[in-house]
Amino acid sequence: MEDYRRIADRLAEEIYSGRLKAGERLPPQRVFARRRRIAGSTAGRVYGELVRRGLVVGEVGRGTFVRAAPVPSGRALAEATSEAAVNLELNYPSVEGQSELLAGGLAPLLRTDVLGEATRTVPATGTAPAREAVAGLLAASGWRPRPEQLLFAGNARQAIAGVLASLVRPGGRVGVEALTYPLVKEIAARIGCPLVPLATDEEGLRPDAVVAAHRAAPLSALYVQPTLHNPTSVTAGDARKRELADVVRKLDLPVVEDRIWSFLHAEGVPLAAYAPERVHVVDGLSKRVAPGLTVGFLVVPEERVDAVAGTLRSGGWTAGRFALEAGTRWIRDGTVERLVGQKRADAARRQRIVAELLGGFRVRADPYAYYAWWELPAPWRADTFTAAAAARGIAVTPGPAFAVGPQGTPDAVRLGLASVPVPVLGQALRTLRDVARGGR
């Protein structure tokens, strides 16, 4: 009798090679046993082995399905890793006429005298015009960073890596919302900083959770997204931000505030306004402008400028001069402001489509966010739904990609709304709605 593990090995090879695709249903065990001329008990052990390896999932009353790819890393949210026809993992907004609008700001850079300067190296502190322009761009109600606080990285991810590396020694614990940006998990792993999941509520991170975690074992820093939290879209109110500011002051705890999506939320004050001496703000151009023309911004307490700048330099994370010059020109000539206005309107339009097509389901989203957090109806799990969506040519991000630690994760998926044309988004949401209602 053939060993069940060898049969499982052959099926695993078919899955790895793509001959058996994500979301594809395996035959019932009795049918599989008959086709392979093996005992029913052996077929059961084969399927059990595939489950143990994480290659398939079984649903009572539904069958056994090839899993989607393993829970995606942050890479799936930063670059295309799926061959799905419709990618709702990536989330890079682009609006009609964007290229033409950007071209006008680039034209002066192509003059030989200007281009020579724009292709030189630039320090982490950027240039004086860049600092002035970005200080104005990031200003919010009641808060405007001083130009002397500005530093520049190649993109916002590098800014996060640089500031965390400057704040936390290897082994130092970093508190984060229990659901957090997946790339932060990868960054923390690379610099040797374990993440501590902190409880949240309808206003985001709970101050009492920060206090409890710090008392249990001191935290070295916090990484938080108080405005348009990714993936849930939650935005903390001013009172909550004041409470968090009071807590981090009392605990003498530095904070990294990620505001990469905050440009979509016209109102509200950053956490940095309430604790400027504790909070390091991360922002950037990629979502406002275009994903391939990136510059990351850091607003840091003035006494920490040299330390963070040194970390950016040593990590090779400083901005490119050409991108910095282009971004500065787009800010100063109003291009970025026009793009932000168009993208706010575009995000609102896409959210209306979500509300129309997924009404009746438990979907959490801000009216101006470019993503939605869909808590799936029973009996769906995040992995089986992701596999079923993949079988229909649609890539979504399963909830566990955002989860930190072993605590339970809602059976949810994040829908990135920005990267596909509006008609394609509508059709994809109709398909996902039908899948959620029981279709395969």
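Here is a short tour, grouped by topic.

Please keep in mind that this is a predicted model.

**Helices α7 and α13**

- Two packed helices are described by the angle between their axes and the distance between the axes.
- Take helix α7, residues 128–138, and helix α13, residues 321–332: their axes come within 9 Å and cross at roughly 50 degrees.
- Angles of 65 to 115 degrees count as roughly perpendicular, and the angle here is roughly 50 degrees; α7 and α13 are therefore oblique to each other.
- The crossing of these two helices, α7 and α13, is left-handed.
- On the α7 side, the contact is made by Pro129, Ala130, Ala133, Val134 and Leu137, and they meet Leu324, Thr328, Ile331 and Arg332 of α13.
- Sorted by class, this contact of α7 with α13 has seven nonpolar residues, one polar and one charged.

**Helices α2 and α3**

- The second pair is α2 and α3, whose axes come within 8 Å and cross at roughly 110 degrees.
- That angle falls in the range of 65 to 115 degrees, so α2 and α3 are roughly perpendicular to each other.
- Here α2 passes α3 in a right-handed crossing.
- From α2, the residues Gln29, Phe32 and Ala33 take part in the contact, while α3 brings in Gly40, Ala43, Gly44, Val46 and Tyr47.
- The contact of α2 with α3 divides into five nonpolar and three polar residues, with no charged ones.

**The second largest pocket**

- The second largest pocket has a volume of about 400 Å³.
- It is lined by 21 residues, and the closest to its centre are Leu137, Ala139, Arg288, Val340 and Arg344.
- In terms of class, the pocket lining has nine nonpolar, six polar and six charged residues.

**Cavities**

- Rolling a probe the size of a water molecule over the atoms shows where empty space is left.
- How many cavities of 30 Å³ or more does the structure hold? There are two.
- The largest cavity has a volume of about 60 Å³.
- Its lining consists of Glu177, Glu203, Gly204, Leu205, Val224, Gln225, Pro226, His229, Val234, Ala236 and Leu244.
- By class, the lining of the largest cavity holds six nonpolar, three polar and two charged residues.
- The second largest cavity has a volume of about 40 Å³.
- Among the residues lining the second largest cavity are Thr227, Lys241, Arg259, His265 and Glu267.
- The lining of this second largest cavity has one nonpolar, five polar and three charged residues.

**Backbone details in loops**

- Ala378 and Pro379 are joined by a cis peptide bond, with omega at about 5 degrees.
- Where does Pro379 lie? You can find Pro379 in the loop between β14 (371–375) and α15 (382–391).
- Arg37 has a phi near 60 degrees, a positive value in a residue other than glycine.
- This Arg37 lies in the loop between α2 (29–36) and α3 (40–52), the helix pair that crosses at roughly 110 degrees.

Technical notes
Residues are numbered from 1 along each chain as its sequence is written. This is a predicted model: local features need pLDDT of at least 70, side-chain atom pairs count only at pLDDT 80 or more; totals for chains, interfaces and linings use all residues. Side-chain values use heavy atoms; hydrogens and water are left out. Axes are lines fitted to C-alpha atoms, for helices over the stretch in contact, and angles run from 0 to 180 degrees between N-to-C directions. Helices (H or I, at least four residues) and strands (E, at least two) are DSSP runs, numbered from the N terminus. Angles under 35 degrees count as roughly parallel, over 145 as roughly antiparallel, 65 to 115 as roughly perpendicular and the rest as oblique. A crossing is left-handed if the near helix is turned anticlockwise from the far one by less than a right angle, and right-handed if clockwise. Contact means heavy atoms within 4.5 Å. Ala, Val, Leu, Ile, Met, Phe, Trp, Tyr, Cys and Pro count as nonpolar, Asp, Glu, Lys and Arg as charged, and the others, Gly among them, as polar. On a 1 Å grid over the protein atoms alone, a cavity is a set of points where a 1.4 Å probe fits but cannot get out, and a pocket is an open set with protein on both sides within 12 Å along at least five of seven lines; lining residues have an atom within 4 Å of a point. Grid points are joined across faces, edges and corners, and a volume is the space filled by probe spheres set on the points.
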